[in-house]
Amino acid sequence: MRRKKFICLAILVALIVTSIIPVTAATPYANYFLTEDGWALPTPAAYVPDKIIEFKTVEEGKLKNPKDIFIAENGNIYIADSGNNRIVVLSPEHEFLFDIKGEGPNDPSTLSDPTCVYVDPDGTILVVDAGNKRLVEFTERGNFRYSYLTPEDELLGEDFSYQPQKVIKDNRGYIYVTSIGEYRGIILLGPDGQFRNFFGTNRVILSFWDALARLLWSREDRKGQIVNLPYTFSNIYISEDQYIYATTTSTSAQLRKINFAGADVLYDGRNFNDTSITQGAGQSQVFVDVTVDKYNNMYLIDSTYGRIYQFDEWGQNLFVWGSLGTGYGQYSQPTSIEVDDQGRVYVVDSRTGVITVFRPTEYAKTVHSANKLFSEGHYDESYAQWQKVLDQDNYYRLALQSMGTIHMRKDEFKEAMKLYYEAEDPDLYSTAFEEQRAEFIKSYFSIIATVVVLLLIGISTLVSVIRRRRRRLGPKPEKITWFTPIKNFFKRMVYVARHPIDGFDEIRYEGMGYYGDMFGIMILYVISELLSIVLTSFIYRDGVSLDMIDWGNRILWALLPWIVIVIVNYGVTTIMYGEGRFRDIIIGGAFCHVPYILTSIPLAILTNVLGRSEAQLFALANTFISIYVGLMVYFCIKGVHGFHPLKGVVVTILTAVGVTAVSALFMIVYGLAVQMFDFFIQIGKELSYIV
Amino acid sequence: MFDRIKIPKRLITSIIVVLVLLLAAYVAIKVAFGSQHDVKFSKDGLNFSDPAPAISAIPDDAELTTVAENSRFRLEYSPSEDLLVVTDLKNGQVFRRWPEATEEEAKYYEKNQNVLQILKSIVFVEFTKSGQEGGTILGINQVKHTKKANKIDGGLQIIYNMTDTGIRFALEFYIHEDGLEVLIPRNGIEETHETAKLASLYVLPYFNSARQEDYGYFVSPDGSGALTRFDANRITNYDSYNKKIYGDDMTFNKLINPDFKSWAITMPVFGVVKENSMVTCYIKEGDANASLFIEYPGNKNLPLYSISFYFRYRQFYFTKLSKGSDDYELLEESMTLGDVRQKFYIETSEEKGSYTYVDVANKTRELLFDTWKTKYGVERKLADNAKSMNIRIFMGDENRWGGAIDSLKVMTTFDEVIEMYEELKAKGVEDIRLSIAGWQKDGYYGNITKKFNPDKEFGGKKGFEKLTSWAKENNVEVSFDNNLLLVYGRPKASVPLRSSVVKKPGVHYLQFQSITSSGVYRRGTDNYVLSPIYYEKKVMSKEIEKLRKMGAEHLDLQQVGDNLFTDYNRYTALLRSQLADKYVKWLKEYKEEFDSISVYYGNSYAVSTADKILNIPTVRSANMVFDETIPFIQIVYHGIIDYYGNPLNNEDDPWEAFLRCLEYGAFPSYELTYRPTGDLKYTNYNRLFNSQFSLLVNDVVEIYKISEEILKPLRSEYIVNHYRVPDEGGKYEVYVTEYSNGTKIYVNYGKIGYIIPDTTTTVDAMGYAVVTA
């Protein structure tokens, strides 16, 4: 109190609003954009701090715990100054115009904790007077017009508790109100203020365990359990094209874009969590407000890290900026965000009571204009703008994608492929690739067809000649050379893969299992696994760059299942009276990898001529191989241990269960070991402070 | 009688075993964890003076008494009022420890005695009572104390005794012909209670403070320099400004979130330009442990702007017992600072507005020259020649996902460096320096304990040697960026962690993390810092020899000009101030072997000896306390050392950044790669978004030509004036830099052109103009 008093004493400059323009301070936050996969890539600054607005006169007082900001069609700025129970109105140039605060308890204009303000295109001001649990309508000049009290309707139920927080109005005059704890949706009021319905109800998000419980127990059995309710809405905004954007209290489906019918048209279930900052020990984000600009770009602000996320109308992230703090261009508790006609972004800080204004840089303006031109179909103009963007940021993904699409429209598929590749977008790349492939085939069909026919004829002729020659000469006496063991190794490999029933039997009972074979197969398997990654096309690698592959991890995961399965199977079959020795199991297990070795590289090469539309063919081949390998595992267990076919099935299932159990156990033991180690270190450190 | 008492043998054996086990446990704990009790810092570079002998005591109830006087100044002191007054005898101007209250303020103070106590405190003290809890910062008048004032030779001595905590210290004030000197003799500090500890002392916090209606500003060397104007409209509910001289100390940082708003202070100075006076405060001793502290009206409920230094005798640090536990704060065990000596250089005139920040900068240059000479024995001189542009060429870095296959992303090879230069030369760009970064084994973030030889993928040792011999033959300045101390990863096996890397106080090694594109620390990274002592003993000579053998002639040394820290490793313990001295020593040794040595950012101790400064800051921190960015450090350095700005292609607006280079007299820089920038996306060096040589070559040529034509001829001139032209209500945003040869550079950041008065020359919007004398 004393502090506040003295601040007033110290500052007697009678300015109503203070605007400070910072001169040359670098942006106090990271500037980046997020790819579809959640990677953060740096960009030049898109928005820079432009002004800070603060109220400083003794008469009007500073903003106190402001909770909302709204910019009307005429550019006037409305602030819900909750702590001072008033609405403050500023001109587009940030000059104080007037405030709405009423004359006392008997004045219907008197507000108590106004949490939201909305202004109609005709200037009508709608305020959520949260302390009085009502909506209040004021004229353009701030004169009281009407008060909407608690809605009444049977549908609302007897225990309905009306605690309005945020409000918007559509162009039909319908009013949308969020109420604290109202999980049934946004309260929809008619133009007459009467309750009409709940709107845009969120879905219940079930965890895996909840879903399992629902599956296993009846409703009766589940009585007494905590009831999962849909998430509530925390803020709403209506865009010019009458879509309703609403933030929710959910940590995974934080935003919805809802049409008049109440359906989510774009973001349904999308998780907006920025994993580039929250992964690991980071706290999860809380998105507190959303707004939309004249280009239909959407802005989302989070209060945990103070980041502002800008998305275009198709939901692609354009830029991310902003941070919590006490410097220019920072805020400590953002509660509301708004954007004006010039593209300036306003962030309300409820803790400090100031409003930070960001202005778009030339770079951001170029991106916006390029994107707009592109969406309007002005491709040539858009292309030049995107090129300007790339000149500043060589790998701005949206520029690469859009330029690629422009090339596609001109049937320049090769150029499109190059740009899509750089954008690491396998879907778009695939469309360009398929077009390019079709064009290639069309152009060279006669040559391709001739080559294929000639090849087929050549191969069949060669095969028949060899067969005839063999028949004529009889079997050739085999010479033993340095290559013979290798040849025999491959023969055994193929033999077991082709005849698994006999093959595994022979491994156990006819001494066909060699450690050398095992090592050879597993080395080949690892090589084929790695090579298949390298040889798989960009499309079938799902756009994942080879730079992002952790090769060591891949090798580990290639070998780990084999080792675990073998150990578990050895354990299970020891109890189940299996005849196989450990040696037989481990060698047999290695042979189960043969189908992969034989097929993965050819399949990987094949992907280079396949587009996304042939993905099912590829998936089918993979499924077939997996089934074949599964069968081989079964035959291996059955053959090596000499089980009856049915017992083989049981043991195979038991092995699978055992592998799951061992994995879970390992995780628990590992976790405990880490804790234990940390515990001893902790004791040591504590002792070191004492001794 | 003792024959009856029989001690069983087993018991004796058991006791011995238990004792041996305890001893073993003690040794094991000591060896494994150590503690800061074991760390003994040397006293190198620190002075430990005794308080001066008193001539006579000043009675506690004395009114304003003259304690010292010379031909220029008089020093008066009133113990009853805690008032210190310096009077300029030339014109009678008075500099008070706290300003005389206005009528309104007097009423306010009467009601708020606590605020008055704060204002009248001649020193603020940060201390802990138990040695465990966080620090308390209080004005000396807010704590129970006794004080004793004495006249001493040439000045005043005040001895404080904080009776509750038993902390005692002496402050001495000397009057000289050029101003007031403050000394805190280290041997005057005593801690008589077992647990109470002194953390910091804030000296003369409200000396020469100002009100909003006063004319003038504070000058801070934050980033390139910043002004705090007294009459500016100010956001009132933010914290005061508080920043270490020479940047943060990694050893004491908590490292929660990277600070994007902060630029380090490079020199131990501040200025107060007020009405018709100028005070330059400069730290002569204790600078490495000092922080700059600025408050503005509203802070501490006072209506004043104030600026001062404070000195840390001990620092708080954060530690944790286990990975999962929370951080808690502890205070250093021993004091890490010797004598503190700072001086207020006072200049006055008859005319209001006679002084500007340019005068503060000129005074600072003079003071730095003096320090460099007395402390390091260096007479700073401008090099004979300099290149008009620095082109940093980035060679490569590893992808974040390593593994079986080498994940180095090659951005440029040694051969491609030559190719790039030849192409530039063909376009008329010759007078440039090339700075090769990330050339070592595994690239830029390769582990420095195995950095030799240069990575094969860049061309290996042969490629390196080919480049250096080509540079020699063609007389091209090729400099090699050299990371001396930051180990990205764990040191290699032959470098033992225990005795070779920096430790924090307590038991933890100092580990740091890289910053992600999204502005948070990359968790899970395991990076260490090589102990400077270890580097000096085991690495430096080998490094110099190897680089010489490979033909390197120019080096850009990392850390030396931009990273000062404390090492709490008991084998290699080193204080921040000692590290600054070490850096200067290293610079001298490097300079003996190489043609030129550059440093980054440019802390003033390193500038004493370095040949060039790279990446000199041209912006200030985003603190609310500042209103304007000024080229303060550039005014200090121009004409005495060549400096280069940050790479233009990494700036948000390259052209605007170049205009700032023109305004600040900084040669421009670029950071280029031969291959596409996108290749760096998944490396730790993913800060570039536009670096490919072929895309930028034309920009480089254009900027080079301007730099060669305008900046090069001015390199040996001092900046004698810098100002903003009258803005006419925000219409113009034009700055003028004037050099000692009379040349003026006009830079227009505004949206409309500006016609230079009395000429027909127009400075275009976002353009520049040069007016020669």
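In the predicted model, the C-alpha centres of domain 1 and domain 3 of chain A lie 52 Å apart. The domain assignment of chain A also gives a domain 2, spanning residues 363–477. Domain 1 is assigned in two segments, 1–61 and 234–360. Domain 3 covers residues 481–676.

Two helices of chain A were examined as a pair. The crossing of H5(A) past H6(A) is left-handed. On the H5(A) side, the contact is made by A:Tyr379, A:Ser382, A:Tyr383, A:Trp386, A:Val389 and A:Leu390. H6(A) contributes A:Ala399, A:Ser402, A:Met403, A:Ile406 and A:Arg409.

Chain B was then considered as a whole. Chain B contains 13 helices and 44 strands. Its radius of gyration is 29 Å, close to the 28 Å that the globule rule gives for 773 residues, so chain B is as compact as a globular protein of that length. Along the principal axes, the C-alpha atoms of chain B fill a box of roughly 95 × 90 × 45 Å. Of the 773 residues in chain B, 51% are buried.

One sheet of chain B illustrates strand pairing. Strands of a sheet pair through backbone hydrogen bonds, either parallel or antiparallel. This sheet is open, has 3 strands in the order S30-S32-S31 (chain B), and its pairing is antiparallel. Strands S30 (486–487) and S31 (511–512) of chain B stand at the edges. Each has a single partner strand, so one side of each is left without a neighbour in the sheet. S30(B) pairs with strand S32 (residues 527–529) of chain B over 2 bridges. Within this pair, B:Val487 stands opposite B:Tyr528 of S32(B).

B:Asn649 is found between strand S37 (642–647) and helix H12 (654–664) of chain B. B:Asn649 is buried, because 25 other C-beta atoms lie within 10 Å, and the cut-off for a buried residue is 20 or more. Leaving aside neighbours within four places in sequence, B:Asn649 is in contact with B:Pro654, B:Tyr670, B:Glu671, B:Asn690, B:Ser691 and B:Leu696. B:Met250 is 399 residues from B:Asn649 in sequence. In space, the two are 29 Å apart, C-alpha to C-alpha.

Definitions and conventions:
Residues are numbered from 1 along each chain as its sequence is written. Chains are lettered from A and ligands numbered from 1 in the order in which they are written. This is a predicted model: local features need pLDDT of at least 70, side-chain atom pairs count only at pLDDT 80 or more; totals for chains, interfaces and linings use all residues. Domain bounds come from an automatic or database domain assignment. Two strands pair if DSSP finds at least two bridges between them. Helices (H or I, at least four residues) and strands (E, at least two) are DSSP runs, numbered from the N terminus. The radius of gyration is taken over C-alpha atoms; the globule rule is 2.2 Å times the number of residues to the power 0.38. A residue is buried if 20 or more other C-beta atoms lie within 10 Å of its own, exposed if 12 or fewer, and partly exposed in between; C-beta atoms are placed from the backbone. Two residues are in contact if their C-beta atoms, placed from the backbone, lie within 7 Å. A crossing is left-handed if the near helix is turned anticlockwise from the far one by less than a right angle, and right-handed if clockwise.
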